[in-house]
Amino acid sequence: MEQVSSNRAHGGTQGVYTHQSAVTGTPMTFSVFVPDHAVGAKLPVLWFLSGLTCTHANVTEKGEFRAACAQHGIISIAPDTSPRGDDVPDDEGYDFGKGAGFYVDATEAPWAANFQMRSYIEQELPALIGAEFPAADMARQGITGHSMGGHGALTIALRNPGRFKSVSAFAPIVSPMNCPWGEKALGGYLGADQAHWRQYDACALIEDGARLPDLLVDQGEADNFLHQQLKPGLLVLACKKAGIAATVRMQPGYDHSYYFIASFMADHVAWHGERLKR
């Protein structure tokens, strides 16, 4: 692991790091904010997974999370959304290929060689964080994300019961099997057999028996992707049928941008903080 940058902010240290990933076969970049803490203290960890076209930098520069993380004593980690490099396959569309890893382990050529974002987020990067950041308490993890990253947060938490003590999302893609973004991504990365898609669809995972203790979701009512791509009503229905305590807040006037995310970031950090300190 190499440090790219380090900046003092909100009573803590914001770092950006890079390392060679064994699972993607490429260099990967991520950011970590560590609040000031006593020597030997262990702090809970909150993952933020970003959306289509984003890197670690979007939330790091626009998310306005540091003051809240410092207040609640939480380490924040922001990975990239896909492998990158000249030899990594790509697509002309913004919603597939680089910047659009969809947090899956691809099985179709040519994507399978590099697009192993599920294994990267679930296994490789947490192991690196645990080894390189002694203050990180990997027994107390929360996860959140935006749009494609909200899809990633939900599905990763549902597939790994007990790992995450808190789960939230901003405008998540709740059912990739039922929207154009998801149909393109899952079909391209995983092939035509939709039975293989269900492990990457939050609503399908819940229907198949996966559970969360509770959930917080914020969704802007002025989001131009609301009805065709995001469809939060499907998640509300799935959670209701499964008995999952889901707080889904529709926010009047808010769109899909980081202005929306930043407006409710402190609420989400506080939500995670309450559960991660139990």
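Biologist: In which sense do strand 2 and strand 3 pair?
Modeller: This is a predicted model, in which local features need pLDDT of at least 70, side-chain atom pairs count only at pLDDT 80 or more, and totals for chains, interfaces and linings use all residues. Residues are numbered from 1 along each chain as its sequence is written, and side-chain values use heavy atoms, without hydrogens and water. Strands (DSSP runs of E, at least two residues) are numbered from the N terminus, and two of them pair if DSSP finds at least two bridges between them. Strand 2 (residues 12–20) and strand 3 (residues 27–35) are joined by nine bridges, and the sense is antiparallel.

Biologist: Which residue of strand 3 is the bridge partner of Thr18?
Modeller: Strand 3 covers residues 27–35. Within strand 3, the partner of Thr18 is Thr29.

Biologist: Which strands stand at the edges of the sheet?
Modeller: The open sheet holds nine strands with mixed pairing, in the order 1-2-3-5-4-6-7-8-9. Two strands have a single partner each, so one side of each is left without a neighbour in the sheet. These are strand 1 (2–9) and strand 9 (245–251).

Biologist: At about what angle does helix 3 run to strand 3?
Modeller: Helices are DSSP runs of H or I, at least four residues. Helix 3 (residues 117–132) lies across strands 2, 3, 4, 5 and 6. Angles run from 0 to 180 degrees between N-to-C directions, with axes fitted to C-alpha atoms, for helices over the stretch in contact. To strand 3, helix 3 runs at about 50°.

Biologist: Which strands does helix 4 touch?
Modeller: Helix 4 (residues 148–159) packs on the sheet, and its direction makes about 135° with that of strand 6. Taking contact as heavy atoms within 4.5 Å, helix 4 touches strand 4, strand 6, strand 7 (164–170) and strand 8 (214–220).
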